[in-house]
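Subject: Structure for you to look at

Hello,

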Amino acid sequence: MLKAGLTSLRRLLCAAILLVLIVCGAEVAVRCVDLALAKPAANSVKQTSAEDPTGLLVPSWFTHRELRPHAMAKVPCRDSRLRVAVRTNSLGLRGPEVTVPKPADVYRIVLLGDETIFAPETREVDHVTRLLTDLLQQRSQMQIEVVNAGLPGGCPLTEYLLVKQRLLSLQPDLVLLHFDWSDVADDQQLRRRTRCDRDGTPLSCPHTTLVAT
């Protein structure tokens, strides 16, 4: 009876150890894949992708990735053979410089999202920020200003960190967030590398190429 119990216990221990080894192996594999995918972007001066055809994305200590400030790129237009000029301001946001502090007669809206909002294939004059500005301006006596804070590959986590680190200085009157289910999946993946305070509030999400492994 005792021998049978010891045999069962040994089998359970072996199964538990095997399960732990499988989980550890999977974690190592995921980290290796992440690192392998991240290295080309870090070593290249300007590397484009479907997510970021501008090649302006760089690793970030706070929001995982960010757009280079005061940068320019040209991207083929989605609806014509023309090339769209994409510019970033000092905050690494698409569009012109934003006045800080905010003028008293300005109602400022910050539009957050991923590459859908960044929309590099769309001209600034045709962008949703411009269309929303024109639409609201017809109904307001205040000066309406819509800021494009779209970040390619962004998710609710990185957008929260972007607001906390940079965008509060813009004194927005309204913040709008656009996201879809793919952003939720990106959010869950990045939270494994997020640094939080004692209460679990996210502080930063450094890119894998910036953190010693």
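**Strands and sheet**

Strand 5 (residues 106-113) and strand 6 run parallel to each other and are paired over 8 bridges. The model is a predicted one, in which local features need pLDDT of at least 70 and side-chain atom pairs count only at pLDDT 80 or more, while totals for chains, interfaces and linings use all residues. Residues are numbered from 1 along each chain as its sequence is written, and side-chain values use heavy atoms, with hydrogens and water left out.

Some terms first. Helices (H or I, at least four residues) and strands (E, at least two) are DSSP runs, numbered from the N terminus. Two strands pair if DSSP finds at least two bridges between them. Strands of a sheet pair through backbone hydrogen bonds, either parallel or antiparallel.

The open sheet here has 3 strands, in the order 6-5-7, with parallel pairing. Its edge strands, which pair on one side only, are strand 6 (143-150) and strand 7 (174-177). From one strand to the next, the twist averages 20 degrees.

Helix 3 (residues 128-137) packs on this sheet and touches strand 5, strand 6 and strand 7. The direction of helix 3 makes about 160 degrees with that of strand 6. Helix 4 (residues 156-165) lies across strand 5, strand 6 and strand 7, at about 145 degrees to strand 5. For these angles, axes are lines fitted to C-alpha atoms (for helices over the stretch in contact, meaning heavy atoms within 4.5 Å), and angles run from 0 to 180 degrees between N-to-C directions.

**The hairpin**

Strand 3 (residues 72-76) and strand 4 (residues 83-87) pair in the antiparallel sense over 5 bridges, and a hairpin of 6 residues joins them. A73 has V86 in strand 4 as its bridge partner. In a regular strand the side chains alternate between the two faces of the sheet. In strand 3, A73 and V75 make up the covered face, and M72, K74 and P76 the uncovered one.

**Cavities**

How many cavities of 30 Å³ or more does a search of the whole structure find? It finds 2. A cavity is a set of points, on a 1 Å grid over the protein atoms alone, where a 1.4 Å probe fits but cannot get out; lining residues have an atom within 4 Å of a point. A volume is the space filled by probe spheres set on the points.

The largest cavity has a volume of about 50 Å³. Its lining includes T63, R65, A149, L162 and R166. Strand 2 (65-67) and strand 6 each supply at least two lining residues, and strand 2 gives the largest share, 3 residues. The second largest cavity has a volume of about 40 Å³, and among its lining residues are T63, H64, P152 and L190.

S60 sits in the loop between strand 1 (57-59) and strand 2. Is S60 buried or exposed? S60 is buried, because its relative accessible area is 2%, and buried means under 20% (1.4 Å probe, protein chains only). Beyond its neighbours within four places in sequence, S60 is in contact with R65, E66, C205, P206, H207 and L210. S60 and L210 are 150 residues apart along the chain, yet their C-alpha atoms are separated by 7.7 Å.

Regards

How values were computed
Buried < 20%, exposed > 50% of the residue type's maximum accessible area, 1.4 Å probe, protein only. 1 Å grid on protein atoms, 1.4 Å probe; cavity = no way out; pocket = protein on both sides within 12 Å on 5 of 7 lines; lining within 4 Å.
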